[in-house]
Amino acid sequence: MPATGHKLRTDGHSFQPMAESFYRTWLFARREVVANWLNLKIIIAFVTMLLLFPLSAHLLTVDYKHRLENWAVNQEAQNDPAVSGVVPFKMADGSFLHAAGTKADPPLPEPTALSVLVRGMDKETDRSVTVGQRIGFGPRQYSSNLLALTEAPDAAFVIKLLVSLFALFFSLDSVTFEKKEGTLRALLTHPLKRSEMLFGKMLGAGLSLALPFGLAYFSAVAYLCWARGIISGEEELLRSVLIFIVGLLYAFVFICIGLFISTVTARSKAAAVTALLLWGAVVLILPNATVLAAKSIFPVQSYNHLGARLYEARRQLIQANLGANHPGGSFFNNPNARQVLFQTYEIDRQLTDEFMLGKLSQIEEAKKLARLWPAGALTFGLSDLANTGTSDYRSYVDFLRSGRDNVIDALKRQWDMKPEEGKNLIQETLDSVSVRKRPVTPLEESLRAAAPSIASLFAWAAIFGYAAYRRIQRYDVR
Amino acid sequence: MFWAILLQEIKRRGIGVVFISLMALLTVIIPPSAYTQARYYEWAIKDRATRDRIHQAENTDQAAVITRPVPRLLPLFNGSYGSLSDEMILRSDSALTTTSSENLDLLEWLFPSADLGLIIGVLMTLMAILLGHDAITEERENGTLKALLSCPVARHVIWLPKLMRTGLQLFIALLYTLASYIMIVVVFSGGAFSLDSEKVFEIGVFSLTGFLAMMVYASLGIAVSTVVKQSSIALAASMAIWVATVLVWPSLGPYIASSVFPAPSRQSARRVIVAKESEMLKEELAKYREAAAGMAAKGFGRDAAWEEYIRIKKDWTVMRRSEVGRLSEKEDIQSERQQINAGRLLCISPYGAFREAAGIFCSTGLKAHGAFMDEVERYDKEEFLPASFESQAGGKPWSGELKAANHIELRSFQFSPPSPLERLKDASFPLVLLLLEIAALVAFGIFRFRHYEVG
């Protein structure tokens, strides 16, 4: 043992300098936390977030319950008997038929429980869907048209806007205030590393924010778990925790941005104005503009355009193959009927797949562009973790397509069966397709999908953290 | 004296670092937003034209599809267009017009459109706060306020020029934003967006609404500056109000409204209507069977039988629609009540009021969508149904001709927004609210400044 009594690492260096460095960093952090407490910043953040997170949880819960009720009624209605009939009018010199029927709306997918935290693309999947020869999407199930105009005030919304603002709030004047008071000069003349001071401030701002954020967020989660029973099960709780962690990482990005601005500007006011403008651009405008840019660069026809094309293609096919006149009575009496029908199935499949794959590619490109910004990365990352993301939508579309393919296969096979058997086959296939449950993306896959977004947030934090570090290293004390 | 103070205010603070930074930010943000909106508008026009062409060719006496014209000012404010259906399916054998699917706009929920409404309503109102929040506090911190207050002038003569200076800066920024945005949209929309006198008037009114919203926040900033003693606290307080009214309330408001004024769930309402339709359909089918048997017994020819059948069908169609209309009326009234209350709640926020007014002027709001739905109902009753039955009456299904014979030519669906003056009248509620908010904040600011103590 050396004379000092300190343990040695096997390479002969002492732990002491590292421990001391960490201790000094911790002292700075504690100083920041105490300052933020005394100037009421932590209390203001806590009160605001404690108001907004539970309110958001409550409102989204009311909305979720409404959607769930809507879905339950829709499910019950699937068992309502369909009324239909065919009435023949047989006269001596000719006959005709009257056919009519009515039935319930097509089935809706069940709402996702974690959409109360991150609404994501659950708003888009909340439509009735007919899976038959083609996939038919019905209108969205708003409880009010006004909800079509607004962003859902979910936890992701509160994190995106308010947590980032509070992060700036905590970090923006941490260096400029010291410059103004003259304490920075005094600190930097001491024999301590500038990086310790900077990391201490980063840690201090982070802790000052993490405490109110954590308390408010988990009080909302507790409300959803115990008061409403919406979040239950280990995986859902784990996802909620992951959402918090990514939210904290997002907040850390803005702490680094705030610190960097603080090292660059001389006055608190200039720092505040610069930070707010940057925040407005990076959180509110640029992610939205990049998504719109992706839609312009990779345009896809509208869904109703697809519908019109399908209808037109089918009619042209029938007209061209069956001719202007055919023996009276049913279309199925025509010898070409089988071939024509098979072609219509394939046209439906091809055009629909082209459209859906086009849309999904458009999303991927938009995702790549939007993830360049912290708010875009947060939005995509959180929605992936909450099972309401684009990867979940992609697997939903694949699920619908596989159902559609099963129905087309059955429609083709029925031609080689007796009419009664064919009819039963179609009915069984349609029944089996309609009762299938939408697949839930496993947690590992959600994490994989969210990984690039998380990496983007790390990159932003690293870039601005390093930039702040370089600035403080070069800061001229005189 | 007033003009001298105003001139002095403009000279000292007219072109500062903050104003230049804001203009630079606008210069960076406007081109990509305007370009993408131009391309989106061009796409919307072409998409709708293609659909319309196909539907015109494919409409039959059984079903016809109506498409809503693309609003002329869509690139300025997208509103609800794209979120709500712009196509309706009319069916002669169903009591309900069916909403065809709205577009699968998959990313719209995650990232609202970056249109001019967002730039003015969010970015430029933030600009208003940044320009106005330190109008009084900075003078105090610099020590110039004492000298200013020692002049023998009324205090409002010192206060008002600050508001006017901020207003002038915002006006210049707004003109710059409008000019560059519209120029880019005109150039890159492939000729889809062009200016005419009516459009210029509409853009002018839209801009005026935006300017009023910005002035609310400018007045707010200056009023807060009169209340607190430090610039940093003035900024924090103004920002807090801005965040609450621009970001938080417009999202929370509609959800609060839909929980306080609940409307029946869509599926519940549909189930009741489908049950009624099913019940009536059973009676209808029985009636047809009775008629078919009766006509066969009386030795009707096919032409006479067909004529009688069409008459019965028409009567039943009108009856079913009347019954179903009665049922859906109750739901429509509840939904409308919810929408009106939610709209009013939203207008409490100046940004919400701006959006409401912008939606009305640009015909992209809920009101315009409601007017489209009303016009579709009228078209269904007065154009489609009569044309459908006329076509069906002339049909001869026993002759073996294909469905192409059932194609009908319908009079083109016309849907124009109300005149600009009518839209101005519709938007009077949010506009008056904005004016009242400005007046209240100015009155409050002047009152506080009268009692302002420099010490």
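**Exercise 1. Find which helix of chain B gives the largest share of the negative patch in this predicted model.**

Solution. The largest share, three residues, comes from helix 10 of chain B. To see the whole patch, begin with its members: Glu329(B), Asp332(B), Glu336(B), Asp374(B) and Glu377(B) gather on the surface as a patch of negative charge. Next, look for the elements that give two or more residues to this patch, which are helix 10 (302-346) and helix 12 (366-393) of chain B. As a check on one member, Glu336(B) is found in helix 10 of chain B.

**Exercise 2. Describe the second largest pocket and the elements that line it.**

Solution. Start with the volume, which is about 1,600 Å³ for the second largest pocket. Of the 49 residues that line this pocket, Lys41(A), Phe169(A), Asp173(A), Ser232(B) and Ala236(B) are the closest to its centre. Then turn to the elements that each supply at least two residues of the lining: from chain A these are helix 1 (16-38), helix 2 (41-78), helix 4 (155-171), helix 5 (176-181) and helix 9 (268-297), and from chain B they are helix 4 (137-142) and helix 8 (231-260). Helix 8 of chain B gives the most, with 12 residues of the lining.

**Exercise 3. Explain what the salt bridge between Asp173(A) and Lys41(A) ties together.**

Solution. First take the distance: the closest N and O atoms of Asp173(A) and Lys41(A) are 3.1 Å apart, and the cut-off for a salt bridge is 4 Å. Now place the partners: Asp173(A) lies in the loop between helix 4 and helix 5 of chain A, while Lys41(A) lies in helix 2 of chain A, so the pair ties together parts that are 132 residues apart in sequence. Over all chains, the count comes to 54 salt bridges.

**Exercise 4. Identify the residues and helices that make the nonpolar surface patch.**

Solution. The members are Val34(A), Trp37(A), Leu38(A), Leu40(A), Ile43(A), Ile44(A) and Val47(A), which make a patch of about 670 Å². Helix 1 and helix 2 of chain A are the elements that give two or more residues to the patch, and Leu38(A) is found in helix 1.

Terms used:
Residues are numbered from 1 along each chain as its sequence is written. Chains are lettered from A and ligands numbered from 1 in the order in which they are written. This is a predicted model: local features need pLDDT of at least 70, side-chain atom pairs count only at pLDDT 80 or more; totals for chains, interfaces and linings use all residues. Side-chain values use heavy atoms; hydrogens and water are left out. Patches are made of residues with over 30% relative accessible area and no salt bridge: like charges are joined within 9 Å, nonpolar side chains (Val, Leu, Ile, Met, Phe, Trp, Tyr) within 5 Å. Accessible areas come from the Shrake-Rupley method with a 1.4 Å probe; for residues, only the protein chains shown count as cover. A salt bridge is a side-chain nitrogen of Lys or Arg within 4 Å of a carboxyl oxygen of Asp or Glu. Lys and Arg count as positive and Asp and Glu as negative; His and the chain ends are not counted. The place of a charge is taken as NZ of Lys, CZ of Arg, CG of Asp or CD of Glu. Helices (H or I, at least four residues) and strands (E, at least two) are DSSP runs, numbered from the N terminus. On a 1 Å grid over the protein atoms alone, a cavity is a set of points where a 1.4 Å probe fits but cannot get out, and a pocket is an open set with protein on both sides within 12 Å along at least five of seven lines; lining residues have an atom within 4 Å of a point. Grid points are joined across faces, edges and corners, and a volume is the space filled by probe spheres set on the points.
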